[in-house]
Amino acid sequence: MADKPKRITDLGSPDYKKFLPPTIAKNYGKWKYHEVIDHGTMKHVSETGDELYTVRVATPRLVSTDYIREMCDISEKFSGGHLRWTTRHNIEFFPAKDQVDALKADLKKRGHLVGGIGYGISNVVHTQGWIHCHTPATDASGVVKAVMDELHEYFTTKRLPARVRIALACCLNMCGAVHCSDIAILGIHRLPPKVNEATLANQCEIPTTIASCPTGAISPNPATKSVKIKAERCMYCGNCYT
């Protein structure tokens, strides 16, 4: 089989295979099964007989540079400099078998929640909230913190009859994946937007405001050089609040 042509551009993301831990790269596509050892640890076994251990820890999702550096330092010490973020905003480390207990002890000493594997809850997925987004009806971090304060034992020690996925979306646009979770917390706007005729033309680009509405509830109002709202069409998404 002919070799694949080399990429001749530096655009786009680099090839992810360059960043795989050696054991994963060696056994890519050859994994036979995995075994849940405890709430935060799994063992993966390859057709070659190689074993890989993963330790999972929850993250706050919106993280600081100091937090990222801390995770990288832990990775350098216990995981050969490798870690990965899961789709549920957990971090997984890849320690050697004789480093698993030491890694978990270090994470717990630092105040991190080790768990999220097996029949319990995973980390709560949530949207950007007020820090990045222009459409939220609520912020995310405070609600998620309150939920995890109540349920964290089901992440670390307690078992449930099945896996449970919890997500929070700050508005109906639902970038927080609440539509594919078991428990959804959804912030909604309850009223159509109100038009401030005195300031709208100076604050908003009217064509963009009209185009932002997915249901066509906003239309031009030439008489006032503003817009008008058809309330029965509004889905309360918040896109027009930009």
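Is G40 buried or exposed? G40 counts as buried, because its relative accessibility is 2%; buried means under 20% relative accessible area, exposed over 50%, partly exposed in between, with a 1.4 Å probe and protein chains only.

A word on the model. It is predicted, so local features need pLDDT of at least 70 and side-chain atom pairs count only at pLDDT 80 or more, while totals for chains, interfaces and linings use all residues. Residues are numbered from 1 along each chain as its sequence is written, and side-chain values use heavy atoms, with hydrogens and water left out.

Back to G40. The loop that holds G40 runs between strand 1 (31–38) and strand 2 (41–46). Strands (E, at least two residues) and helices (H or I, at least four) are DSSP runs, numbered from the N terminus. Beyond four places in sequence, G40 touches T54, V55, R56, V114, G115 and I117, contact being heavy atoms within 4.5 Å. G118 is 78 residues from G40 in sequence, yet 8.5 Å away, C-alpha to C-alpha.

Now the pockets. A pocket is an open set of points on a 1 Å grid over the protein atoms alone, where a 1.4 Å probe fits, with protein on both sides within 12 Å along at least five of seven lines; lining residues have an atom within 4 Å of a point. The largest pocket holds about 380 Å³, the space filled by probe spheres set on points joined across faces, edges and corners. It has 16 lining residues, with T59, P60, L113, K145 and M148 closest to its centre. Helix 4 (residues 141–151) gives the largest share of that lining, five residues.
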